[in-house]
Amino acid sequence: MNYILYNIIINSILVGIILMTQFVNYPLFKSIDLDFNKYHQKYTERMGYVVAPLMIIELILVIYIIINHYNNSLVILISLLTFFIWISTFFIQVPIHNRISKKRVGSQIVFLIKSNYIRTVCWLIKLIISIELLYMTQ
């Protein structure tokens, strides 16, 4: 059952990162005027080095949980939440980052902040459900 605990650890780290992103980093994008493109490019590159490996590990752990607990309703919820996180990341947040990396547009930054609540809420709920799954499987 250690993979469920590992999932909780990775999920907790990602929750910390997404909370900092949601409430600190993204709102600060609205305040950066000079060299926004340069700042944003470095930000997305560095965040990618931190978040991408964690998200891949998280996905592998979730797949392992699905394989071993496929008939559990909590596992279905964890799977759906992970799916929504990945869809939101690659079909909403990444395209917005690509647009604002070319030109800083305030409305796009606001949309980035608002749409990022999808990932923030999903990761928080996934963490809570993962903790519940750990207790149920022990």
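1. N11 is located in helix α1 of what is a predicted model, and since its relative accessibility is 0%, N11 counts as buried. The side chain of N11 comes to 3.1 Å from the backbone nitrogen of L127. Leaving aside residues up to four places away in sequence, N11 is in contact with E58, W123, K126, L127 and S130; of these, E58 is listed among the buried residues of α2.

2. Beyond the residues up to four places away in sequence, N25 touches M20 and Y43, and Y43 is itself a buried residue of α2. The C-alpha atoms of N25 and I113 are separated by 9.5 Å, although the two residues are 88 apart along the chain.

3. Helix α2 runs over residues 36–68, and its 33 residues reach 46 Å from the first C-alpha to the last, which is close to the 48 Å expected at 1.5 Å a residue. That span should be read together with a bend of about 35 degrees in α2 at G48.

4. The buried residues of α2 are F36, H40, Y43, V51, L54, M55, E58, L61, V62 and I65.

5. Which residues touch the most other members of the largest nonpolar core? Within this core of 25 residues, they are I4, L14, M55, I65, W123 and L133. Helices α1, α2, α3 and α5 each contribute at least two residues to the core, and α1 gives the most, with eight residues. As a general background, nonpolar side chains in soluble globular proteins tend to be buried together.

6. I65, a buried residue of α2, deserves a separate look, with residues up to four places away in sequence again left out: I65 touches Y3, I4, N7, Y70, V75 and L133. Both I4 and L133 are, like I65, among the residues that touch the most other members of the largest nonpolar core. Apart from that core lies another, made up of ten residues, including F29, F36, I100 and L112; F36 is also one of the buried residues of α2.

Definitions and conventions:
Residues numbered from 1 in each chain as written. Predicted model: local features only at pLDDT ≥ 70, side-chain atom pairs only at ≥ 80, totals over all residues. Heavy atoms only, no water. Contact = heavy atoms within 4.5 Å. Helix = DSSP H or I, 4+ residues; strand = E, 2+ residues; numbered from the N terminus. Expected span 1.5 Å × (residues − 1). Bend = angle between axes of the 7 residues up to and from the residue. Buried < 20%, exposed > 50% of the residue type's maximum accessible area, 1.4 Å probe, protein only. Polar contact = N/O pair within 3.5 Å; in protein donor to acceptor, adjacent residues only side chain to side chain. Core = buried A, V, L, I, M, F, W, Y, C linked by side-chain atoms within 4.5 Å.
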